[in-house]
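Please look over the model below with these notes beside you. They take up the aromatic rings and then the ligand.

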Amino acid sequence: MAHEKKIYECSECGFESPKWLGKCPQCESWNPFLEKIAKNYTKNKQKKIDTQPVSILEKNHLDEQSKRIPTRIKEFDRVVGGGIIQGAVILIGGEPGIGKSTLVIQVAGLWAKNNGSVLYVHGEESFHQVKERAQRVNALHQNLFMFSSTDMSDILSSIDTNQYSLVIIDSIQSVSNPEVDSLPGSITQVRECTYELVQKAKQLNIPMIIIGHITKEGYIAGPKVLEHIVDTVLYFEGEGKHSLRVLRAIKNRFGSTQEIGVFEMCSEGLKEIADPSAIFLQERPVGVSGSIVFPMVGGSRPLLVEIQSLVGKSRIPQPRRGVMGLNSQRVSLLIAILEKKAGIFLSDRDIFVNVAGGVFVDETAVDLPVVISMLSSFWDLPIASDWAAFGEVGLSGEIRRVNGARIRLNEIAKFGFKTCIIPRIEPSDIPDKAENLQIISLENIKELNQLFENREKSHE
Ligand SMILES: Nc1ncnc2c1ncn2[C@@H]1O[C@H](COP(=O)(O)OP(=O)(O)OP(=O)(O)O)[C@@H](O)[C@H]1O
Ligand SMILES: [Mg+2]
């Protein structure tokens, strides 16, 4: 009999080591290693994989079926690339209570109505709870089948019993494979179960949506544990107290990761927001310092968001820095550039920067509005409410061009903004619609100081 090989696995991130370690070299958590028997995958894999290479032009019986099927929730379809591809596995992550189950039950209801049978596996909630939600969001349909189970083998056999056209697992942390020597919800279980579900989806060529809870660091399961196994990874985000929710793709094998979908949570479920700029600017305060509007480009669609900063004298030796909705390292870089290149001393200031509405901006075009909002708060001088800005800031303080200038300017003009601060761009990039827009083109952030000085003089 072959000797069973023991290995140690990090319960936080899944890192494997042949010997026990006190600290995980991958996720740096302390004492996370648990002993387990190394599993030999190679034998099973060899049985399943067709080892004969085939020409790419070879006809496959799945070719005709591999089309995109729209869910008919436009904001969802936009994010997944126009619809769900047969055999694709989509992982949706998000914080507790953000509305993941609500979103998928709405998708399931419409899918059952328009495309055929849907299997909804609910391991977390009772049948009554899920039905009550489905009723509230108007997703009841005879083609929607509910299955309450947490056992992976039961789930896999139930998928085989009927010709489902969509399978939903809510959530991956609630299911487990008893053969795997690990607790439900652990990294090993989550990875094994996802792997088995992906195999099933590919074998039957049916799409699957898997819900995953995120850890306090913001990852589903552990860092990059599931991302490479599935085809698409979506995050559902928003601020708890706000009703706005944003769906965005982190990875998509079948579409862009630039697109975002915007929803509003209401008692009838998630309502699509076709024109989100108006909603994002709805509660914007007027005449306060530290606020400016930034036209972000989420894929093909622009979106106006408010960038807010609070820069105040710190009372502690190590000033506080807080960033929400932006890359915090990027903001630290911008603070350093402001100090060095614009001569603004910020080392004794507490600085908080936020994107209102709970949306995450990961474009460098947000640099300029972040810098302007910090300066506005620093000088305590409000920027007129009909001003907007976009542009990247380089390490020498230079303001660089960004893509999508036309789309951004068009959106600003559409919402009646009067002035926009931008990098120097080609006049041909300025759209006709922006003819009433005053454009301030800057080359370096030093010029911003002048802008504020002038404002100060006119203020006096
Ligand atoms: N009657 C209601 N009216 C309005 N909003 C509601 C109502 N019931 C629930 N909600 C909203 O739905 C949210 C919960 O949605 P849902 O259960 O889909 O979240 P989830 O992300 O699946 O949560 P979990 O992580 O617990 O599974 C609540 O936080 C609340 O905002
Ligand atoms: Mg849920």
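1. A residue is called buried when its relative accessible area is under 20%, exposed when that area is over 50%, and partly exposed in between, with a 1.4 Å probe and protein chains only. By this rule both Phe236 and Phe263 are buried.

2. This is a predicted model, in which local features need pLDDT of at least 70, side-chain atom pairs count only at pLDDT 80 or more, and totals for chains, interfaces and linings use all residues. Residues are numbered from 1 along each chain as its sequence is written, chains are lettered from A and ligands numbered from 1 in the order in which they are written, and side-chain values use heavy atoms, leaving out hydrogens and water.

3. The structure has three aromatic pairs (ring centres within 6.5 Å, the six-membered ring being taken for Trp; planes under 30 degrees apart are stacked, over 60 edge-to-face, the rest tilted). One of them joins Phe236 and Phe263 edge-to-face, with 6.0 Å from centre to centre and 80 degrees between the planes. Phe236 belongs to strand β11 (residues 232-237) and Phe263 to strand β13, so the pair ties together parts that are 27 residues apart in sequence (strands are DSSP runs of E, at least two residues, numbered from the N terminus).

4. The ring centres of Phe378 and Trp379 are 5.1 Å apart and their planes stand at 85 degrees, so this pair is edge-to-face. Phe378 is buried at 19% relative accessible area, whereas Trp379, at 35%, is partly exposed.

5. Turning to ligand 1, a polar side-chain atom of Lys100 lies 2.8 Å from one of its oxygen atoms, and a polar side-chain atom of Arg133 also lies 2.8 Å from an oxygen atom of ligand 1.

Methods: A polar contact is a pair of N or O atoms within 3.5 Å; within protein, one must be able to donate a hydrogen and the other to accept it, and residues adjacent in sequence count only if both atoms are side-chain atoms. Helices (H or I, at least four residues) and strands (E, at least two) are DSSP runs, numbered from the N terminus.
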